Amino acid sequence: MTTSLKRMPGWAKILSAVVLVLVILGAGLQLSLLPGLRDVFREETHDRTGPTLLKSIQDMSRYDAASGNFQVVVDLEKDTKYLPDAVRGTRTLYVGAGTVDSYVDLGKIRDEDVKVNKDRTSATLRLPHAALGKPALDPDQSYAVSKQRGLLDRLGDVFSDNPNDERAVQRLAARHIGDAAKKTELTARAEENTTAMLKGLLGSLGFKEVKVTYGS
């Protein structure tokens with residue numbers, strides 16, 4: 001068999017290769033036309049993740065009273081002083097979407113911060129000022145618009161455990177969102193909502209007058 005193949009002229013070898021390709025293409029066409037055969041070769045995904053372990057439980061005493069939704073377009077560029085960007089450098093455009101919660105920590109209320117009259121119809125509460133939580137990026141709404149990398153950076157990605165790592169732009173997006181939240185009225189809204197919640201709660205318990213103030 002091997003000897004006969006060696007004796008075949010060049011044009012015959014080429015013709016045999018063309019016929020082989022046509023046979024393969026024809027088989028693929030038949031698979032696409034026959035749903036039953038296509039199901040046989042259908043790709044399946046199996047989730048073999050192990051059990052999720054509970055590491056710890058933390059008691060929460062804060063009341064999340066307001067939440068802000070933010071979006072920022074991060075333009076992060078890194079380059080080398082004496083090398084052109086085409087050789088060494090990266091530039092990433094990243095859309096970061098996330099939320100920042102504003103809360104009142106009710107766990108910091110002391111006994112002297114709550115005053116109730118004798119007939120339990122009037123109450124005065126002094127609460128700590130509302131604070132901002134950490135920015136939380138939404139992975140479903142955050143994405144890279146474009147990535148430009150120099151030749152050396154692309155070669156480095158080949159040997160990297162985390163090619164195209166986006167953690168730097170994600171941290172930067174979270175920082176910008178956190179800074180933007182500080183310039184909003186989130187904490188004021190949180191205090192208004194906390195006051196309304198406490199007045200409604202104590203009102204349902206029979207208190208006719210409820211006064212809520214904020215301060216350290």
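This is a short tour of a predicted model, going from a sheet to a helix and then to the core.

**Stop 1: the sheet.** Select β3, β4 and β8. You are looking at an open sheet of 3 strands in the order β3-β4-β8, and the pairing is mixed. Which strands stand at the edges? Residues 114-116 (β3) and 209-214 (β8) do; each has a single partner strand, so one side of each is left without a neighbour in the sheet. On average, neighbouring strands here are turned by 10 degrees against each other, ignoring direction.

Stop 2: For a specific pair, pick V114: standing opposite, in β4, is L125. Remember L125, as it comes back at the last stop.

**Stop 3: the helix across the sheet.** Now bring up residues 186-204. That's helix α6, lying across β4 and β8 and running at about 155 degrees to β8. Within α6, click on T195. Is T195 buried or exposed? Its relative accessibility is 15%, and since the cut-off for buried is under 20%, T195 counts as buried. Show side chains and you'll find a polar contact of 2.9 Å between T195 and Y214. Beyond residues up to four places away in sequence, T195 touches V212 as well as Y214.

**Stop 4: a serine in β2.** Jump to residues 89-105, strand β2, and select S102. With a relative accessible area of 0%, S102 is buried. What lies 3.5 Å from a polar atom of its side chain? The backbone oxygen of L186 does.

Stop 5: As background, nonpolar side chains tend to be buried together in soluble globular proteins. In this model, the largest nonpolar core has 25 residues, and V74, L125, L127 and V212 have the most contacts inside it. To see where the core comes from, colour β1 (62-79), β2, β4, α5 (167-182), α6 and β8: these are the elements giving two or more residues to it.

Leave V74 on display together with L125, L127 and V212, and you have the residues with the most contacts inside the core in one view.

Note on methods: Residues are numbered from 1 along each chain as its sequence is written. This is a predicted model: local features need pLDDT of at least 70, side-chain atom pairs count only at pLDDT 80 or more; totals for chains, interfaces and linings use all residues. Side-chain values use heavy atoms; hydrogens and water are left out. Two strands pair if DSSP finds at least two bridges between them. Helices (H or I, at least four residues) and strands (E, at least two) are DSSP runs, numbered from the N terminus. Axes are lines fitted to C-alpha atoms, for helices over the stretch in contact, and angles run from 0 to 180 degrees between N-to-C directions. Contact means heavy atoms within 4.5 Å. Buried means under 20% relative accessible area, exposed over 50%, partly exposed in between (1.4 Å probe, protein chains only). A polar contact is a pair of N or O atoms within 3.5 Å; within protein, one must be able to donate a hydrogen and the other to accept it, and residues adjacent in sequence count only if both atoms are side-chain atoms. A nonpolar core is a set of buried Ala, Val, Leu, Ile, Met, Phe, Trp, Tyr and Cys residues joined through side-chain atoms within 4.5 Å.
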